[in-house]
Amino acid sequence: MNITLEGLLILLVIAAVCGAIGRAIAGGTNGGCLVSIALGFIGALLGSWISHRFGFPELFVITVGREHFPVVWSIIGAALFVAIVHLLSGGRD
């Protein structure tokens with residue numbers, strides 16, 4: 001796997017945006033940009049796994065170099081992950 005620094009930065013920005021949208025959908029969490037980036041990548045893994053498991057198509061994929069980033073599934077996965085964390089931790093009232 002060879003990725004340029006520019007490609008990595010682009011993927012980090014895409015992950016941050018997807019994670020922030022997922023956080024907003026699920027009610028948000030504490031944290032800043034780094035939390036959004038982590039949620040974007042976790043969401044991409046979780047969302048891609050769900051889509052492959054149930055045979056759903058990739059709806060919108062951004063390709064940077066040779067790397068593919070599933071935007072819609074990343075947002076859905078991040079929202080699901082945040083919702084699960086809220087359920088397990090009791091959420092904020």
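**Cysteines and helix packing in a predicted model**

A search of the whole structure finds 0 disulfides, a disulfide being a pair of cysteine sulfur atoms within 2.5 Å. The sulfur of Cys-18 lies 12 Å from the closest cysteine sulfur, that of Cys-33, which is too far for a bond. Cys-18 counts as buried at 3% relative accessibility, whereas Cys-33 is exposed, with a relative accessible area of 52%; buried means under 20% relative accessible area, exposed over 50% and partly exposed in between, with a 1.4 Å probe and protein chains only.

This is a predicted model, in which local features need pLDDT of at least 70 and side-chain atom pairs count only at pLDDT 80 or more, while totals for chains, interfaces and linings use all residues. Residues are numbered from 1 along each chain as its sequence is written, and side-chain values use heavy atoms, with hydrogens and water left out.

Helix H2 (residues 33–54) packs on helix H3 (residues 71–89) at an angle of about 105°, with the axes 6 Å apart. The two helices are therefore roughly perpendicular, a term that covers angles of 65 to 115 degrees. Residues of H2 including Leu-39, Ile-42 and Leu-46 meet a set in H3 that includes Trp-73, Leu-80 and Phe-81, where contact means heavy atoms within 4.5 Å. By class, this contact has 10 nonpolar, 7 polar and no charged residues.

The buried residues of H3 include Val-71, Trp-73, Ile-75 and Val-82. The buried residues of H3 pack against helix H1 (5–26), H2, strand S1 (61–64) and strand S2 (67–70). After H3 comes Gly-90, with a positive phi near 90°.

Conventions. Axes fitted to C-alpha atoms, helices over the stretch in contact; angles between N-to-C directions. Helix = DSSP H or I, 4+ residues; strand = E, 2+ residues; numbered from the N terminus. Parallel < 35°, antiparallel > 145°, perpendicular 65-115°, else oblique. Nonpolar A, V, L, I, M, F, W, Y, C, P; charged D, E, K, R; others polar.
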